[in-house]
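Here are some notes to read alongside the model, written for someone opening it for the first time.

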Amino acid sequence: MFHPHTDTDREKMLAAIGAKSLEELFEIVPEDIRFPDLDLPKTHSEMEAYNALYGLHTKNVPGIRMPNFLGAGAYRHYVPAAVDAILRRGEFFTAYTPYQPEISQGTLQAIFEYQSHVINLTGMDASNASHYDGATAAAEAVNMAYGISRKKKKKAIISPALHPHYRETIDTYFKPADFDIGGEDLDPWSNPDTLIDSIDEDTACVVVQYPDFFGRVFDYTALGKAAHEAGSLLVMVVNPMALGMLKAPSEFDADIVCGEGQPFGIGLSYGGPYLGMLATKKKHVRSLAGRIVGETEDLVERKRGYVLTLSAREQHIRRERASSNICSNQGLMALAATIYLTMVGKEGLREVAELCYQNAHYAASQIAGLDNFELVTDQTFFNEFVVKCPKPAEEINKALLEKGIIGGYEIGKDFDGMENHLMFAVTELNPKEDIDALVSALKEVA
Amino acid sequence: MTEQKTIYEKSSPGRRAVRFPKPEVPLTALPNEFLRKDLVLPEVDELEAVRHFTNLSQLNHGVDTGFYPLGSCTMKYNPRINEETARLSGFAKSHPLQPSETVQGNLKLMYLLQKYLAEISGFSQVTLQPAAGAHGELTGVMIIRKYLYKKGETQRNKILIPDSAHGTNPATSAMNNFKVVEIKSDARGNIDLEALRAECDDTLAGLMLTNPNTLGMFEENVQEVCKIVHDAGGLVYGDGANMNALLGIAKPAEFGIDILHYNLHKTFSTPHGGGGPGSGPVGVVDFLVDYLPGPLVEIVEEDEEGNPFYDLVTPKHSIGRMKAFHGQFGMMVRAYTYILMHGAKGLREVSEMAVLNANYLMHKLKDTYKIPYERTCMHEFVIEGRWEDAPDIHALDISKRMMDFGIHPPTTYFPLIVKEALMVEPTETENLETLDYFVEVMLKIAKEAHEEPEILHAAPLTTPIRRMDEVKAAKDLVLCCVWPEDAIRAE
Ligand SMILES: Cc1ncc(COP(=O)(O)O)c(C=O)c1O
């Protein structure tokens, strides 16, 4: 427990207030419901609490020691030691939103640098200070597009090859609105240009993923052009790690770029906290959701510094007319990404991205060489690919697990008729040795 | 302080920090048509990088460096043990899509946290998925909507929000396509019952209630307020930002609240991280459990020896998924650790000491600063940063001057119903010496306000940087160290 009060302190303070007892401070709480008994575990000392948590974590440990080929929106990457060392500085993690710039320049400048990295990677002109995660950032991107159309265009076309959690999140966000989420019935394997036929005057935006959910890399130039001709926007959901080697979304003339920043120095942590990225072109900056940091000067010495800016978009000023309801964001995760990108730098990011690419292509070609396994991905891909197995994917995964390997993602869970399909993700943390082990295990279990 | 260079200004072509091994696999040709030509990112050595961020951190005020009485945000001490437990490899390195049999530790922790949070507030079930308080609000208001629509009451299109409420409440309701109607507060800082009754017709969907409210005061008619809304067929959403006053003191479900979000980053000691991550679990009463966003963790079977198997389950009428995966798991580990360390008795003491600290400060300040509503406060209170005999002094000036004494200013200009509001929340983790120091500083500032107002207008004087030109920031809109085109041109 962390409250420092001694009995003497309490007495002194109660006397100063003029209260006879602590209970007296709570007399306003209706008596029949005051001071309920809580059925909770006993008070643990720090040592006991640590042991209890240690015990729980060991129930997962065999799992985390296994070679692991899961991706599907969360990726295992090496995190340089300096990232966590800096994140653990209390000056960073025990501060809050930098409302007071005079005593928050550390956070503010770090966010400004984060925004710069996002802008450089995506080719956009403006980035927010972070959003909750990739899925919610995608929902906000659609909401932005809706707002930019002044709520006149009442539908979004979502690529059927968008991460299913992202589609579900967008669906949830828009159920209350008079707004349609389309694209569901299209064939997830088709070329994204087939989306062009669905675009019309009522389309606020088209949402595609880059690389897409299945890891494929497509050229979205034609799609972007068609969207713009109809007066709608191109929203691209990115894996920013892939941008270490792939063209920036601006080259396809994207209007809003969002994505999951977790690959940048953020641990898997069973799904969160992660990092929602959200960026756009200059002309839409006033529609951007969330906090934005801008450069300025102090009024006295004219020294350069940073502040939260354009806050007239936000809930604390605009209330029911705000561009979003977001308040707390993922500040510390944005800091992690900022430190990560600084540590790996320009050359390093390309190296990691290419390692993922090379390892994944090696794995794909080895698996494709097995009897009865078919590489379904027939398109340029980054670090994920889909394989059709001779048996239900679930059985294959169970058999792999018995051999101490965590297999791929069973995409049949989300897509009909793909019960035999597995999607493998390969990063710099799946060395050749693990890949070879996977391939020989697959050979045995099939 | 000399001006801080940005990391881009420290960059030098060819310089490296972390390196990666060469591929060990046979190489595949790169996809030329998709390769990027250039990438602008910093190039620095490791020491430069570490020094850069260390120096930046030193420009920050955090709970670790000094008193941080930021109202409504509960800036309590962030226990270091939480940082250790959340980094235990079994938790920190597990993938969200791993087979359930390999993550029973995670699932058990989530199961128990759901249970503990439900117990603390009197709810039947809790979803851990929402990413922050505002995201929890969005979840809760979606549940209200889906529940009413399922009953066929689609005419219910308005949400009532007290005028003291946080901005996320109306913003959330609007995102749900509800009409927002503001309800005024009465002379004692409670919801005005007449104004409330007047809006309780058959278009009412619900009320968003914060208790204790943002004035730091317990809603005196809370059960009556909930009853009025229920009688009109609406639901009551509770903004649980202020749960730090209620642990073991009262269960919000017993006020009549149907849905409530918790802020693990406030009440349950997970760090604020310079803006986040938060975590905003949502609890509901019995008849709303089926509407929660999926997945929840449940015991799906037990083996012969009675050992439970935990798994992820989606409720029957779920509003759907609110984000990818299962929520801010790392924050759950921290909050769980915190609850274990306190137990029932310890949590009640947390709220008791938070309320004691706030009342102590309020009493020490009340003769110098105007208190808009003089009642026993809960875990925070609001004072006015203005005096008739010091007309040029504003809450802003007082805030800025506090920085010169190593104190983070309170929340300013919120709630909106108090003029020149300064909202003070000391939290339970501050000791008497710190509280007394705060009082001494506040009295000194009040004196300066009357005798040497120019000091306050010029403040802060000792911070790394002085008051900022916010107008220039919004006008010039420089949002990036080097614009990509400029960088490419420069090369
Ligand atoms: C009263 C109140 N409600 C809601 C919120 C929003 O919570 P969050 O920032 O976690 O989204 C806050 C946070 O600052 C708050 O003080």
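Predicted model: local features only at pLDDT ≥ 70, side-chain atom pairs only at ≥ 80, totals over all residues.

**Notes on the two chains**

1. Let's start with a spot in chain A: A:S130 sits in the loop between β1 (126-127) and α7 (134-148) of chain A. A:S130 has a positive phi of about 135 degrees, although A:S130 is not a glycine.

2. Now zoom out to how the chains meet. On the chain A side 189 residues are in contact, and on the chain B side 204 residues are. Between them, chain A and chain B bury about 17,500 Å², with 65% of that on carbon and sulfur atoms.

3. Charged pairs turn up here as well: the rule finds 11 salt bridges across the interface of chain A and chain B.

4. Helix α6 (residues 105-122) of chain A and helix α1 (residues 46-57) of chain B have axes that come within 7 Å and cross at roughly 135 degrees. An angle over 145 would count as roughly antiparallel, so α6(A) is oblique to α1(B). From α6(A), the residues making the contact are A:G106, A:Q109, A:A110 and A:E113, while α1(B) brings B:H52, B:F53 and B:L56. Sorted by class, the contact of α6(A) with α1(B) has three nonpolar residues, three polar and one charged.

5. Stay with α1(B), as helix α11 (residues 331-368) of chain A packs against α1(B) too, at an angle of about 155 degrees and with the axes 10 Å apart. That angle is over the 145 cut-off, so α11(A) and α1(B) are roughly antiparallel to each other. The crossing of α11(A) past α1(B) is right-handed.

6. Which residues of α11(A) and α1(B) meet? On α11(A) they are A:L335, A:T338, A:I339, A:T342 and A:M343, and on α1(B) they are B:E46, B:A49 and B:F53. In terms of class, the contact of α11(A) with α1(B) counts five nonpolar, two polar and one charged residues. Note that B:F53 is listed here and is also listed in the contact with α6(A).

7. For a helix pair inside one chain, go to chain B. The axes of helix α11 (residues 395-403) and helix α12 (residues 432-451) of chain B come within 10 Å and cross at roughly 130 degrees. α11(B) and α12(B) are therefore oblique to each other, and their crossing is right-handed. B:I398, B:R401 and B:M402 of α11(B) make the contact with B:F438, B:M442, B:I445 and B:E448 of α12(B). By class, five residues in this contact of α11(B) with α12(B) are nonpolar, none is polar and two are charged.

8. Last, two peptide bonds in chain B deserve a look. The one from B:G294 to B:P295 is cis, with omega near -10 degrees, and B:P295 is placed in the loop between β7 (282-284) and β8 (296-302) of chain B. The bond from B:F414 to B:P415 is cis too, with omega near 0 degrees. You'll find B:P415 in the loop between β11 (411-412) and β12 (421-424) of chain B.

Key:
Residues numbered from 1 in each chain as written. Chains lettered and ligands numbered in written order. Heavy atoms only, no water. Axes fitted to C-alpha atoms, helices over the stretch in contact; angles between N-to-C directions. Helix = DSSP H or I, 4+ residues; strand = E, 2+ residues; numbered from the N terminus. Parallel < 35°, antiparallel > 145°, perpendicular 65-115°, else oblique. Left-handed = near helix turned anticlockwise from the far one by under 90°. Contact = heavy atoms within 4.5 Å. Nonpolar A, V, L, I, M, F, W, Y, C, P; charged D, E, K, R; others polar. Buried area = accessible area lost by both parts, 1.4 Å probe. Salt bridge = Lys/Arg side-chain N within 4 Å of Asp/Glu carboxyl O.
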